[in-house]
Amino acid sequence: MSQRNRVFNVALTSILSGVTASALALPSTQPVLAAEDSTIKHVLLISVDGLHSVDLANYVKVHPDSTLAKLSNRGVTYSKAFSSRPSDSFPGLTAMITGGTPRSTGVYYDNSYDRKLSPPGSDCSKVGTEVVYDESIDIDPDKLDGGGGIDPKKLPLDPSKGCTPVYPHSFLRVNTIFEVIKAAGGRTAWSDKHPAYDLVNGPSGKGVDDLYTPEINNADNPTSDVKKTEAYDDIKVKAILNEIRGKTSTGAASSVPTIFGMNFQAVSVGQKLPGNGYQDAAGTPSKGLEDALTHTDQSLGEMVAALKSQRLYGSTLIIVSAKHGQSPIDPTKLKKPGSLLKLVNGLQPESIAKATEDDVALLWLTDQNQTPEVVNLLTASQAAASIKRIYIDPATSDSRTPDIIVQPIPGVIYTTSTKKIAEHGGFSVDDTNVALLVSNPNLERKKVQSIVTTTQIAPTILKALGLKPRALKAVRLEKTHVLPELELNDD
């Protein structure tokens, strides 16, 4: 590799793992949730997609009577919490529910590639296919229920298993907290934005008793307007309120889940839509984004009120975080040069087997031996393509790992969409420094400045419920710790 390229190339294995192991190492005397003394019987896990650490801090400061402020007053706030890398929704959520990064989970994006799988509808004579787990795999994406769920005819196929469809849950290589908790006799529930979030079931396909996944990209187009997205979020909030009251998500008689939760989408939409977003580098929200934050806060208030009404508040650990952040916060940094591939002179389309572009570019090559040549082409276009760094891992043998990841200068968005003023997926601070608040009335208010990652949420949940974090395969593989400085008091 040439001298001029060396500065732009770093092994993928180090960056995709996120924070270094040494940064996560905790003293043996570090206080954690004591399972034998814990009164926790339920965990409510919330992802406010797009919610940065600074968003949480700003909102609590400006709104001292808000639900988030009240939860913070009885909880531990981690100001230096970081999400998965890449910071896409799929690896962002799998980090929280498995304790692992993409190197363990095998999940790099909801739009990726696998060299060992075959295209949908094929006879499996060809191997190597894009793997897309979004609304496009619904039976009917125009319907709120996806037309009844996932259409197996739209799924990639596994030639090693009789050319059978690969559902999202079977694409995941490690187990989830839902599987562990269900195996221990607990009831499990989750709500998210696509039927593709079948992913959370884990490899068994049976981890979640009550999986509710109304399609966000339905014919009503909820993401076209903040208010419409809030109305969409309300559908899932109703499901959570039903579950708190001992019903299923749709209102049938049941019991309160041991682990349950949902993602909120309005904040993410408020960050992305033109005319919304942030007003300055300090994260001052626009009117639309402020409305999304307040609506989400009020929805959390409904959940807290329901927990109190059902006398479950004291026995429920509430965790508020985010699958990912959003970039840029500072609106003056926004730059949209267009698709990275179009900016690289001499890079032929047939060289790329798959390209996923947001505010990061993940490239899978048709011929992996061409990696040095493609890197040279990218490096030659560094200025035009606003490239900050190129990551490669020439030694990888994993069928899913991108051959090249391009991280642009913060604020640059490669996506060809003209309707977005922010995106996620990359490794920047704006993408990855997310909110993380763990709350319970038996916790004292505390702010933790040490670096943590959202992978630590999964083992913490199991520890809080008196279960073994090492029951998670990814926790064993990556030696993931529980969150530090978290204690429960009985008073």
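## Helix packing

Axes are lines fitted to C-alpha atoms, for helices over the stretch in contact, and angles run from 0 to 180 degrees between N-to-C directions. The model described here is predicted. In it, helix H10, which spans residues 226-244, packs with helix H12, residues 287-309, at an angle of about 10°. The two axes are 10 Å apart. Angles under 35 degrees count as roughly parallel, so H10 is roughly parallel to H12.

On the H10 side, the contact is made by Val226, Lys227, Glu230, Asp234, Val237, Ile240, Leu241 and Ile244. H12 contributes Gly288, Asp291, Ala292, His295, Ser299, Glu302, Met303, Ala306 and Leu307. By class, the residues of this contact between H10 and H12 comprise nine nonpolar, three polar and five charged.

## The largest pocket

The volume of the largest pocket is about 820 Å³. Its lining consists of 30 residues, and those closest to the centre of the pocket are Glu135, Asn217, Lys272, Lys420 and Glu423. Two elements give two or more residues to this lining: helix H11 (266-272) and strand E13 (352-357). The largest share comes from E13, with four residues.

What is the make-up of the lining of the largest pocket in nonpolar, polar and charged residues? Five of the lining residues are nonpolar, 13 are polar and 12 are charged.

## The disulfide

One disulfide is found in a search of the whole structure. It is formed by Cys124 and Cys163, whose sulfur atoms are 2.0 Å apart. The link of Cys124 and Cys163 is right-handed, with 95° about the S-S bond.

The pair links distant parts of the chain, 39 residues apart. Cys124 is in the loop between strand E5 (111-114) and strand E6 (129-132), and Cys163 is in the loop between strand E7 (157-158) and strand E8 (164-165).

## Backbone geometry

Cis peptide bonds are found at two prolines named here. The bond from Arg85 to Pro86 is cis, with omega near 0°, and Pro86 is placed in the loop between strand E4 (81-82) and helix H6 (89-98). The bond from Ser327 to Pro328 is cis as well, with omega near 0°. Pro328 lies in the loop between strand E12 (316-321) and helix H13 (340-343).

Terms used: Residues are numbered from 1 along each chain as its sequence is written. This is a predicted model: local features need pLDDT of at least 70, side-chain atom pairs count only at pLDDT 80 or more; totals for chains, interfaces and linings use all residues. Side-chain values use heavy atoms; hydrogens and water are left out. Angles under 35 degrees count as roughly parallel, over 145 as roughly antiparallel, 65 to 115 as roughly perpendicular and the rest as oblique. Contact means heavy atoms within 4.5 Å. Ala, Val, Leu, Ile, Met, Phe, Trp, Tyr, Cys and Pro count as nonpolar, Asp, Glu, Lys and Arg as charged, and the others, Gly among them, as polar. On a 1 Å grid over the protein atoms alone, a cavity is a set of points where a 1.4 Å probe fits but cannot get out, and a pocket is an open set with protein on both sides within 12 Å along at least five of seven lines; lining residues have an atom within 4 Å of a point. Grid points are joined across faces, edges and corners, and a volume is the space filled by probe spheres set on the points. A disulfide is a pair of cysteine sulfur atoms within 2.5 Å.
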